[in-house]
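Hi,

Here is the structure I promised to pass on.

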Amino acid sequence: MEFRYLPMTDSDKQEMLATIGVDSTEELFADIPEQIRFRGSLNLKKPANEAQLKKELADMANKNVNLKTHASFLGAGVYDHYIPSVVDHVISRSEFYTAYTPYQPEISQGELQAIFEFQTMISELTGLPVANSSMYDGGTSLAEAVNLSAAHTKRKKILVSKAVHPESRAVIETYARGPELEIVDIDCEDGYTNLQQLADAIDENTASVVVQYPNFFGQIEPLEKINELVKSQTKTMLITSSNPLSLGYLTPPGEFGADIVVGDTQVFGIPAQFGGPHCGYFATTDKLMRKVPGRLVGQTVDEDGVRGFVLTLQAREQHIRRDKATSNICSNQALNALASSVAMSSIGKHGLRKMAVLNMKKARYMKQKLKETGLRVVHEGMFFNELVVDIGSNVSEINKQLLNKGFIGGYDLEVNYPELKNHMLIAVTESRTKEEIDIFVKELGDLHE
Amino acid sequence: MNKKDFPLMFERSKEGRTSYSLPELDIPDFDLDADIESNYIRTTPANLPEVSELDIMRHYTGLSNRNYGVDSGFYPLGSCTMKYNPKMNEDVARFDGFSHIHPYQETESVQGAMEMMYDLQSSLKEITGMHEVSLQSAAGAHGEWTALMMIRAFHEANGDTNRTNVIVPDSAHGTNPASATVAGFKAITVKTNENGLVDLDDLKRVVDEKTAALMLTNPNTLGLFETEIIEMAEIIHEAGGKLYYDGANLNAIMGYARPGDMGFDAVHLNLHKTFTGPHGGGGPGSGPVGVSEELAAYLPKPLLTKKEEKYVFEYDRPSSIGRVKPYYGNFGINLRAYTYIRTMGAEGLKKASEYAVLNANYMMRKLQKEYDLPYDQHCKHEFVLSGKRQKKLGVRTLDIAKRLLDFGYHPPTIYFPLNVEEAMMVEPTETESKETLDAFIDSMLAIAKEVDFNPEIVQEAPHNTIVNRMDETLAARKPVLKYQK
């Protein structure tokens, strides 16, 4: 059997064995005790040739309904936005995607500068001065923010709004078990974080308050008021998770006083790909710069004074500080951060606001159509590009029927909020046309009756 | 800007230039500003670039030319397994039916994706000899922490709440002690003996009733197989601890030995190392976790299983540590790993390990003529040299690494592991030809000669790169982390 990724010939092998001074490669494995030596053959599928395997995988892919064949109104943290062609052309350049973390700056200026530009764009969007090179995703980035707030304030209590993405909250719960933090849920009322409950819960032991802006239901939380509540306690930090597209139109959390802003840049140039890899971002204040998890790229000069970039402030990181590191993160999402940088460059300063506005206007058209059809749109007040509608019957059942009509329906809120039975979270991006919205609403209305 | 500076995207920006393509508003217009309170409307736009599409391509093509990947040349970066990234994997990952599927679609509409995940889980179970596998963890360090959280949950479920210590060899990756801390444990160091292996006497000394786990890479970061692994497993298990396998070096032993058979209770794998996921300039990776039957109940949820010929996500797992990541892991990277495993099969994976080990031993024997080899024995997929001899002549390992840049190579990992002075950790991988190895060996030997006769050329390297050595002190003292006009 030939293996195209293995270039050694038999004569190469013989020469090399002679150099090493052994008769067979088997001798090189003789140090593995016989008791634990695997003498069988791994029970795996037979090797497949390229054409055959590609066909098999294409068949597997074709079993999946996808966002290209169906019009999607599903969001809940992962969105169907247009991806400019330039994105894939850039990230397909193998000097980027086959490189490791840029440990050797002299031959990694491309990656380092691209990350530096990413950091700049995230800083611009969030209104905070420091952004890192990326995190695994929005959920783990949020959990790391929570842990940082506890370490920094030396407090254990964290208040988390139930209008934060349920899976991010679940990740926070798991991460919090290491440092043994106390996570207190703050309920929602009419689609917003209950501010009275928040005010009652916050005290001098509170390390941070976590809200999502816009929140999981699409509503725009009153960050100004929330920040006032949070800052009524000294040292308590405000952490927000934000869809970065929304920050093209909305006042950035940093301007309201948020101490850490995190989220996911999937909306910029990264396909949904069944939930990953996406790309977490992490932005914070100058004060917390030396406690940020993950890689930071900084500007400097070489011996001739030429501008260049390096990984910097590495004394925070695991490979230097080991058990004293601020986080254990090593690999991050560099290539996806690059994809998002390309997409953000393509959308540009003016396109960004325009894109955010398109999302908001189309979502408002959806709201109006739903109301006209007699469906109850549950929340009032400011929202971004998602809204909650009571469809009067089981969301999952309706979604199965919508699939046959060419639609991927919205998110079933009952999964995480038992009180929201028959409630669907609908996302409307710029990709959805008037016609798609009209037909979708009509189908929903028909199925409702 | 210095005339040799490569412009930033922001410096290419010109007011009014655009490259976006957005749909026209096809619905009745809406007065948005009346709908949003004025203080929630951004007053200054985020200063993203204003550039043309060609500007973007020229910019990033220019940046890519200032970067070095496996496709550019040999990349023997120890511990990172910089093997060839198959192009077919990239094509497959871009199929619409994989790339453009939403994690919250009805599971009946994504059975193909779930089939791939299930099949990958099965393959990884077989390769590692573990009982169950979860694909949820995003990267190696994330997998380490996930496994430690499971071990923690296991001890707690047994009322064993005083197990606060995780033992880590002094030669371990930095992520090991860091993950132990994040999981709420105290990292305890165990020493390496004169043979480059975990010192069993020291292990016995540090193991006690507080031991939650021992984290071990096997072969270890010196590239040596821990031959006393059976005894180590006994020591840890007898003390009531668990044995954790850091899969960073699995590329050495596929089809030759399995962590499950060695007595490991939990493992993580780096699909972006052993299974050809591209490193992407730092990520994304994927760090699946495998466990013994005893620990299976603690795996992150949901767990992908198969019920009556249908693939399902199982959420009803009361002992689970919960979620470690939203959704189901880095699906796109898992898919690339799956494609690789299907291309290679059992025979191909074993051959990959065979050649990874052959290549490393060949290079080690050729290079030990000029460089100190602290542990002179057969290695596995990588080996560690010491630049001690050269240091005496005033040339440091860092200089040698920089000189290699002039020869067109990515240098080995340097100054790691920490227990070898002036360390150079070389991992050739199996996808390199003998000609490539020979050319690199020749360069290393030539540099050794330079150290003897012309040390300045090494000390002052690199000479041929687009920038010289960077002022890292300046970067850390006066951090500039974003573009400012």
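Thr240(A) stands opposite Val261(A), a residue of strand 9 of chain A. I'd start there, keeping in mind that this is a predicted model. The two strands involved are strand 8 (residues 237-241) and strand 9 (residues 260-264) of chain A, which pair in the parallel sense over 3 bridges.

Zooming out, that pair belongs to an open sheet of 7 strands in chain A, ordered 2-10-9-8-7-3-4. The pairing across the sheet is mixed. At its edges sit strand 2 (130-131) and strand 4 (182-186) of chain A, each of which pairs on one side only.

Now for the two chains together. The contact takes 172 residues from chain A and 172 residues from chain B. On the side of chain B that touches chain A, helix 10 (residues 331-367) of chain B gives the most, with 23 residues. By residue type, that side of chain B splits into 89 nonpolar, 52 polar and 31 charged.

One last item, this time from a record. An unreviewed UniProt entry annotates residues 51-301 of chain B as "domain: Glycine cleavage system P-protein N-terminal". Over that stretch, chain B is 35% helix and 13% strand. The C-alpha atoms at the ends of residues 51-301 are 44 Å apart.

Cheers

Conventions. Residues numbered from 1 in each chain as written. Chains lettered and ligands numbered in written order. Predicted model: local features only at pLDDT ≥ 70, side-chain atom pairs only at ≥ 80, totals over all residues. Pairing = 2+ DSSP bridges. Helix = DSSP H or I, 4+ residues; strand = E, 2+ residues; numbered from the N terminus. Contact = placed C-beta atoms within 7 Å. Nonpolar A, V, L, I, M, F, W, Y, C, P; charged D, E, K, R; others polar. UniProt positions renumbered as here; feature names shortened; annotations may be inferred.
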